[in-house]
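Work through each task with the structure in view before reading its solution.

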Amino acid sequence: MPDGSPVEPELVVRVGTPADVHDFMELALMGSVENGFVAPRPDKILQEVWAALNLDNGIAGIVGPKGGKPEGAVLLRVANLWYSDEQVIEERAIFIHPDYRSAKGGRASRMCEFSKQVADQMGLPLMIGVLSNNRTEAKVRLYERHFGAQAGSYFLYNARTGQSAEA
């Protein structure tokens, strides 16, 4: 017998397509303001997002209700590190809309699992991390649960994440 509580729509994780560009850009710009320490350039963000949505050296993962607006996303790009010709998958951002961070469904965990699946399917190492001054310890614990022990740390001098929002 139903208990009268609202039924949450089933969450799905899917590969983003060019039709997702506006919703993805909305999340990407929110994320760059919240986590950035320099001013975001929407045209540069769009260039990276558009390539991934078209599976051009990258892929975009989206989580949300089936047929509904994305509630979170991950942007993954295939890149070469500056010292090697070997390719890696570089996570550019995982961002969950603030309205859904406390909701049931584990959206951030689903984006981590999507990222691991992509790395496994492509047979490439995944480089993923936390660059944030907000709830950093909780984010690191989430990543450690999914990816194992951390392999270093980031440091910012003369900057804090979220500064681009203050400018």
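**Exercise 1.** State how Tyr 143 and Phe 147 are placed along helix H4, and classify their ring pair.

Solution. Tyr 143 and Phe 147 are 4 residues apart in helix H4, so about one helical turn separates them. Helices (H or I, at least four residues) are DSSP runs, numbered from the N terminus. The model is predicted: local features need pLDDT of at least 70, side-chain atom pairs count only at pLDDT 80 or more, and totals for chains, interfaces and linings use all residues. Residues are numbered from 1 along each chain as its sequence is written, and side-chain values use heavy atoms, with hydrogens and water left out.

Next, the rings. Rings of Phe, Tyr and Trp (its six-membered ring) pair if their centres lie within 6.5 Å; planes under 30 degrees apart count as stacked, over 60 as edge-to-face and the rest as tilted. The centres of Tyr 143 and Phe 147 are 5.5 Å apart and their planes stand at 65°, so this pair is edge-to-face.

**Exercise 2.** Is Tyr 143 buried or exposed? Which residues of H4 are buried, and where do they lie around the axis?

Solution. Buried means under 20% relative accessible area, exposed over 50%, partly exposed in between (1.4 Å probe, protein chains only). At 12%, Tyr 143 is buried; Phe 147, at 28%, is partly exposed. The buried residues of H4 are Ala 138, Leu 142, Tyr 143 and His 146. Viewed down the axis of H4, they fall within an arc of 135° (taken from the directions from the helix axis to the C-beta atoms), so they line one face.

Notes: Helix = DSSP H or I, 4+ residues; strand = E, 2+ residues; numbered from the N terminus.
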